[in-house]
Amino acid sequence: MLSSLAEKEGITPDMPKVARAIVNRLAGERRLELDSTVNYPLDLQALRTTAEARGTAGPYNSYQNTGLPPTPIAAPGKAAIAAALDPEPGPWEYFVRCQTDGTSCFATTLPEHQENVRKAIANGAF
C-alpha cells in the first residue's frame, strides 16, 4: 500500500522521501492527510481536493482516518515499490508539490510545510 501512495504522490526522484514522510506520519499515529486518497473514490479528481471532499466520510479519507487506506490506490511502478521497501532516511513528515515539474518540497514541522505551500502557490505548482 505504501508503494501505491508513493506512486500517486511523488515523481520518481522524490518517491523515497515521500515514502519516508508517510512512514514517519504512520509511526506518529498521525493522519496522512493525502489528497490522493481522498481523490481515489471520486468521479472527478484534482491536484487539490475541496473542503467538501475532505469532509466526506469514507475509508479512503486520510484527512479523517489514521493509518493506511484499506486497499492500494494505484498500481505502483518499480520506483515506487523500491521507495516503499527502502525509504530514504530522514525526519520529514510533510511534503507538497512545489515546482511545476512535480518536484516536492519536504518539511519536518508544520510551519516549514506552510512556508513550502506558500512557495508552491507562488510557483504555480499548487
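A residue is termed buried when its relative accessible area is under 20%. The close-up views below show a predicted model.

**View 1. Valine 117 within helix H6.** Valine 117 belongs to helix H6, which comprises residues 110-123. Its relative accessibility is 19%, and therefore valine 117 counts as buried. Leaving aside residues up to four places away in sequence, valine 117 is in contact with Val96 and Phe126. Cysteine 105 lies 12 residues from valine 117 along the chain, and the C-alpha atoms of these two residues are 8.6 Å apart.

View 2. The buried residues of H6 are His113, Asn116, Val117 and Ala120. Viewed down the helix axis, the buried residues of H6 fall within an arc of 105°, so they line one face of the helix. An α-helix has 3.6 residues a turn, so residues three or four places apart point the same way. Strand E1 (94-97) and strand E2 (104-107) are among the elements that cover the buried residues of H6. On the face turned away from this buried side, H6 carries the exposed residues Pro111 and Ala122.

**View 3. The length and the two ends of helix H6.** With 14 residues at 1.5 Å a residue, H6 should span 20 Å, and this agrees with the 20 Å between its end C-alpha atoms. At the start of H6, threonine 109 places a side-chain oxygen within 3.2 Å of the backbone nitrogen of glutamate 112. After H6 comes glycine 124, which has a positive phi, near 75°.

**View 4. Two glutamates in the loop between helices H2 and H3.** Glutamate 29 is located in the loop that joins helix H2 (15-27) to helix H3 (35-39). Although glutamate 29 is not a glycine, its phi is positive, near 55°. Its relative accessibility is 68%, so glutamate 29 counts as exposed. Glutamate 33 is also found in the loop between H2 and H3. The phi of glutamate 33, likewise a residue other than glycine, is positive at about 50°. Because its relative accessibility is 33%, glutamate 33 counts as partly exposed.

View 5. Rolling a probe the size of a water molecule over the atoms shows where empty space is left. The structure holds 1 cavity of 30 Å³ or more. The largest cavity contains about 40 Å³ of space. Its lining consists of Thr37, Pro59, Tyr60, Asn61, Ser62, Asn65, Thr66, Gly67, Leu68 and Pro69.

How values were computed: Residues numbered from 1 in each chain as written. Predicted model: local features only at pLDDT ≥ 70, side-chain atom pairs only at ≥ 80, totals over all residues. Heavy atoms only, no water. Helix = DSSP H or I, 4+ residues; strand = E, 2+ residues; numbered from the N terminus. Buried < 20%, exposed > 50% of the residue type's maximum accessible area, 1.4 Å probe, protein only. Contact = heavy atoms within 4.5 Å. Expected span 1.5 Å × (residues − 1). Arc of directions from axis to C-beta. Polar contact = N/O pair within 3.5 Å; in protein donor to acceptor, adjacent residues only side chain to side chain. 1 Å grid on protein atoms, 1.4 Å probe; cavity = no way out; pocket = protein on both sides within 12 Å on 5 of 7 lines; lining within 4 Å. Points joined across faces, edges and corners; volume = space filled by probe spheres on them.
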